[in-house]
Amino acid sequence: MTTIHTAAITAVLPEAFDERWSRLPGIQVDGRRITIDPAQYFFRFESNTWLVADWELVRSQLLDVEETTESAVEQLALEFIKTHTKSTSDAARVLATAYEVYAYLFRDEHLVGLGLPQITADHLRMLRQAATLMALNKVELDGRISNVGPCWFFPAATSVVFDLADETGGMLDEVYHGGWFNEHPRIESIKAHAALGGRLVHGCQSVPDQTGGVVAPYGASMAVFRDDLAAFKAGWIEQVYAHRVSPAA
């Protein structure tokens, strides 16, 4: 565990988070207020700056812009990031921005076209909350992963917090990284994640691998990212699962 400072992170978000997030070390939930102790919460916390852009600016200037034969959606997002994002050490702002991103991406209207009738609006709420917390994770341009919290390991964290069976947790993970991976949601995701200064990248190809994802800057070395992730994931996943509450508890 590496940490650069121990100042608490406190954010008040539009939605009350599930109090069971407090099962994970270093996080306390009181309705809409979330408090995180970096020294306890993160496995690795080496950077307290993030790139963010104003969500309303993303909504008004990027979400409805269409790509052309001369300008792909990734180029549009990259140009927006270059022009509008700023570095911040305000983790509460990062969480607030992330909440808006994922409230948009995991909105209830998608349930109809998802093709997974077992996924409910409550499941989308779980996705919104976990993905919001994942925004504090960070990858540097050289590919090194500088910040890692338990929500990196999506099925493990959601199983602990929401008492999900492995099958349900895996299904949620599929929705998070693969279940909507057709072109329309992909384009939505690229545009929305510009608010967090990059694009969503995944370390896994299947549910059992559960290597999670992170918003990485365009240009980050994916080879270094892959190797760094492979080196630490198994032990840290095991630590997350250790906080599961048994049914008899």
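The legends below describe several close-up views of a predicted model.

**View 1. The overall fold of the predicted protein.** The secondary structure of this protein comes to 10 helices and 11 strands. Of its 249 residues, 51% count as buried. When contacts between residues at least 6 apart in sequence are considered, 72% of them join residues that are at least 24 apart.

**View 2. The largest nonpolar core and the residues that touch the most other members.** This core holds 81 residues, and Trp21, Tyr102 and Phe153 are the ones that touch the most other members. Helix H4, which runs over residues 91-105, gives the most to this core, contributing 9 residues. In soluble globular proteins, nonpolar side chains tend to be buried together.

**View 3. The surroundings of tryptophan 21.** Leaving aside residues up to four places away in sequence, tryptophan 21 touches Ile27, Val29, Gln129, Ala130, Leu133, Cys151, Val161 and Phe162.

**View 4. The salt bridge between aspartate 163 and arginine 20.** The structure holds 14 salt bridges, and in the one shown here the closest N and O atoms of aspartate 163 and arginine 20 are 2.9 Å apart. The pair links distant parts of the chain, since aspartate 163 lies in the loop between helix H7 (154-162) and helix H8 (166-179), while arginine 20 lies in the loop between strand E2 (9-12) and strand E3 (27-30), 143 residues apart. Aspartate 163 has a relative accessible area of 40% and is therefore partly exposed, and arginine 20, at 27% relative accessibility, likewise counts as partly exposed. The backbone of aspartate 163 can also be inspected here, for this residue has a positive phi of about 55° although it is not a glycine.

**View 5. The salt bridge between arginine 186 and glutamate 74.** In this pair the closest N and O atoms are 2.8 Å apart. Arginine 186 belongs to helix H9 (residues 183-192) and glutamate 74 to helix H3 (residues 73-84), so that the pair links distant parts of the chain, 112 residues apart. Arginine 186 is partly exposed, with a relative accessible area of 22%, and glutamate 74 counts as partly exposed at 28% relative accessibility. Side chains of opposite charge can pair when their charged atoms come close.

View 6. Arginine 125 forms a salt bridge with aspartate 122, and the closest N and O atoms are 2.7 Å apart. Both residues lie in helix H6 (residues 121-134), where they are 3 residues apart, or about one turn of the helix. Aspartate 122 counts as partly exposed, at 37% relative accessibility. Salt bridges that share partners join Asp18, Arg20, Arg23, Asp122, Arg125 and Asp163 into one network.

Note on methods
Residues numbered from 1 in each chain as written. Predicted model: local features only at pLDDT ≥ 70, side-chain atom pairs only at ≥ 80, totals over all residues. Heavy atoms only, no water. Core = buried A, V, L, I, M, F, W, Y, C linked by side-chain atoms within 4.5 Å. Buried < 20%, exposed > 50% of the residue type's maximum accessible area, 1.4 Å probe, protein only. Helix = DSSP H or I, 4+ residues; strand = E, 2+ residues; numbered from the N terminus. Contact = heavy atoms within 4.5 Å. Salt bridge = Lys/Arg side-chain N within 4 Å of Asp/Glu carboxyl O.
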